[in-house]
Amino acid sequence: MLVGVTGASGHIGNVICRQLLTLGYQVKALYHSDNTALSDLNVTLFKGSVLNMKDVLAFTEGCHAVINCAGLISINGDPDGMVYKTNAQGPEYILKACKQNGVRKIIHLSSTHAVHELPLDTPYNEERPYKLKASFAYDYSKAQGEKIMLEAFRNGQISGCIVRPSSIIGLYDYKPSEIGKVLIDFYHRKIPMLPQGGYNFIDVRDMATSIINALEKGRSGEVYLLAGKYYTLKEFGTIITRVTNVKTPKLVMPFWLMQGLLPFVKLYGKLTGAAPVFTVEAIAALKYGHPNMDTSKAQKELGHTFRPLEETIADYYKWQRKRGVIK
């Protein structure tokens, strides 16, 4: 069975490729520019863009299934429009190409940010309403991309299902991701104070396993929440200290102080050209991170499980030490 993976050089994409190969699948990997994360894998590499219909048609040709991991994450708006194009228009192109080339099934990676977090006092499941245009750019783009795919699945145009990951963390984070940078900065003691709030974290390996399970077990037209466990950033730091013996900050920066510092953070970013340390989107993610994500549907239908965060973080640091990123 030939499985096409878009966004294959990204964190979740390359781990999916690794697990597919281990299970005996053939893999065709679409990457945009940097294929470092795929360099040690026996996959068919395909350089292209999900925003180029010719590329997408050529890539999906011969694939029995496609796992769409292509996406652009942003905590700082959508200044050049690429967030919306990648996350909303990209799925449309992939859908058209898959239908034209007779692909049997699509697994589309959405995000927990595609739907509303509030209220926080009721369980967060697959039935939450979508974010609207007034929401943050990334959230709205993921909602639109999911809706395009889901409508096609439910109308019987093609078989497929949606998976909604929470915050992915763990091995093979080459670029690294925002959370990967945070882990490295914690290790090098570059974080003087912990932000208030927290989020739900899931090991990238557990996420990949459930996504691959969806190829065979996922019901067409369904949405599956693939989350782990909620941790405050203070708990997150405590786990890092326990795993590495590196001291992490004990002081917590309240939301009101973070909000007050935003203008200065923006000004510093403009003057230096550096990415902002935190943004209004990042603050909202931590403030409204849902403490009770209900993954019972994915557990029952996809066999979804998740390991303790301590194991994930320990493995991540071992991997980065082996690469020479940390000592």
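The largest nonpolar core here has 37 residues, and the ones with the most contacts inside it are Ile169, Leu183, Phe201, Phe236, Leu309, Ile313 and Tyr317. A nonpolar core is a set of buried Ala, Val, Leu, Ile, Met, Phe, Trp, Tyr and Cys residues joined through side-chain atoms within 4.5 Å. Buried means under 20% relative accessible area, exposed means over 50%, and partly exposed is in between (1.4 Å probe, protein chains only).

Before going on, note that this is a predicted model: local features need pLDDT of at least 70, side-chain atom pairs count only at pLDDT 80 or more, and totals for chains, interfaces and linings use all residues. Residues are numbered from 1 along each chain as its sequence is written, and side-chain values use heavy atoms, with hydrogens and water left out.

Helix H5 (178-187), strand S9, helix H7 (233-244), helix H8 (255-272), helix H9 (280-287) and helix H11 (309-323) each supply at least two of its residues. Helices (H or I, at least four residues) and strands (E, at least two) are DSSP runs, numbered from the N terminus. Leaving aside neighbours within four places in sequence, Leu183 is in contact (heavy atoms within 4.5 Å) with Ile169, Phe236, Ile240, Ile313, Tyr316 and Tyr317. Apart from this core lies another, of 35 residues, among them Ala29, Tyr31, Leu38 and Ile107.

Now for a sheet. Three strands form an open sheet in the order S7-S9-S11, with mixed pairing. Strands S7 (167-169) and S11 (229-232) are at the edges with a single partner strand each, so one side of each has no neighbour in the sheet. S9 (residues 198-203) pairs with S11 in the antiparallel sense over four bridges, and Phe201 stands opposite Lys229 in S11. Two strands count as paired if DSSP finds at least two bridges between them.

Elsewhere, strand S4 (residues 65-68) runs parallel to S1 (2-6), joined to S1 by four bridges. Val5 has Ile67 in S4 as its bridge partner. S4 is also joined by four bridges to strand S5 (residues 105-109), again running parallel, and there Val66 has Ile106 as its bridge partner. Which way do the S4 side chains point? Ala65 and Ile67 point one way and Val66 and Asn68 the other, and all are buried. In a regular strand the side chains alternate between the two faces of the sheet.

Ser9 counts as buried, at 11% relative accessibility. A polar atom of the Ser9 side chain lies 3.3 Å from the backbone oxygen of Asp34. Not counting residues up to four places away in sequence, Ser9 touches several residues, including Leu30, Tyr31 and Lys175.

Lys175 turns up again in a cis peptide bond to Pro176, with omega about -10°. Tyr172 is not a glycine, yet has a positive phi of about 60°; Tyr172 is partly exposed, with a relative accessible area of 25%. Arg189 is not a glycine either and has a positive phi of about 55°. Is Arg189 buried or exposed? At 57% relative accessibility, Arg189 counts as exposed. Another cis peptide bond joins Leu118 and Pro119, with omega about 0°.

Technical notes:
A polar contact is a pair of N or O atoms within 3.5 Å; within protein, one must be able to donate a hydrogen and the other to accept it, and residues adjacent in sequence count only if both atoms are side-chain atoms.
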